[in-house]
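Colleague: I have this model open and want to go through its packing. Can you take me through it?

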Amino acid sequence: MTKKIAILATDLVEDIELTSPKEALEKDGNEVTLISFEAQKEITGKKGTKFTSDKGIDEVKPAEFDALLIPGGFSPDQLRSDPRFVSFVAYFLEKDRPLFAICHGPQLFIQTGLTKGRTMTAYTTVRPDIGYAGATVKDEPVVVDRKLVTSRTPDDLPDFNEKMLEVLHA
């Protein structure tokens, strides 16, 4: 059954952390929507890949989606200063809906105030921050906490993509 997956990203996203999971989700038959500040806006990844957003954050509601993907890079740090993206992410944490974040992606969780009691991983420099925010932090390729799947770096993408699809089909 086709699921609707939202991806939150903006400029300086880690290219492969967007392309690899997106490809895995689409290959699995899911409908993926790239959401940024505005619709049809060009996003440039850290390595120069060009992406075009499908929707702007004001055009969507989290309840329209079955799952959420947050790729890393410098994108999550930019998005977390905008309350619209923070509340979008908070919805998935509050409702225990499938939520996938890699590398710097979990930075967005900190702003929600909903990390306490959750178990996750992230990029080396982000792990202390999510720990200070109350999460139990692990240094493992992929950590699954109910429907929350987190991972550390592009090297972990094969494991991350596999667990992401497992959670999506559970």
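Colleague: What should I know about the model before we start?

Modeller: This is a predicted model, where local features need pLDDT of at least 70, side-chain atom pairs count only at pLDDT 80 or more, and totals for chains, interfaces and linings use all residues. Residues are numbered from 1 along each chain as its sequence is written, and side-chain values use heavy atoms, with hydrogens and water left out.

Colleague: How many residues are in the largest nonpolar core?

Modeller: The largest nonpolar core has 26 residues. A nonpolar core is a set of buried Ala, Val, Leu, Ile, Met, Phe, Trp, Tyr and Cys residues joined through side-chain atoms within 4.5 Å. Buried means under 20% relative accessible area, with a 1.4 Å probe and protein chains only. Those with the most contacts inside this core are Leu8, Leu68, Phe88, Val89, Leu99 and Phe109.

Colleague: And which elements give two or more residues to this core?

Modeller: Strands S1 (4–8), S6 (67–70) and S7 (99–102), and helices H3 (83–94) and H4 (107–112). Helices (H or I, at least four residues) and strands (E, at least two) are DSSP runs, numbered from the N terminus. The largest share, 7 residues, comes from H3.

Colleague: What follows H3?

Modeller: Asp96, whose phi is positive, near 50°.

Colleague: New topic: how many aromatic pairs are there?

Modeller: The structure holds 4 aromatic pairs. Rings of Phe, Tyr and Trp (its six-membered ring) pair if their centres lie within 6.5 Å; planes under 30 degrees apart count as stacked, over 60 as edge-to-face and the rest as tilted. The rings of Phe65 and Phe88 have centres 6.1 Å apart and planes at 55°, so this pair is tilted.

Colleague: Where do those two sit in the chain?

Modeller: Phe65 is in the loop between strand S5 (55–56) and S6, and Phe88 is in helix H3, 23 residues apart. Both Phe65 and Phe88 are buried.

Colleague: Why is the pair of Tyr91 and Phe92 edge-to-face?

Modeller: Because the ring planes of Tyr91 and Phe92 are at 80°, with the centres 5.5 Å apart. Ring pairs link Phe65, Phe88, Tyr91 and Phe92 into a cluster.

Technical notes:
Buried means under 20% relative accessible area, exposed over 50%, partly exposed in between (1.4 Å probe, protein chains only).
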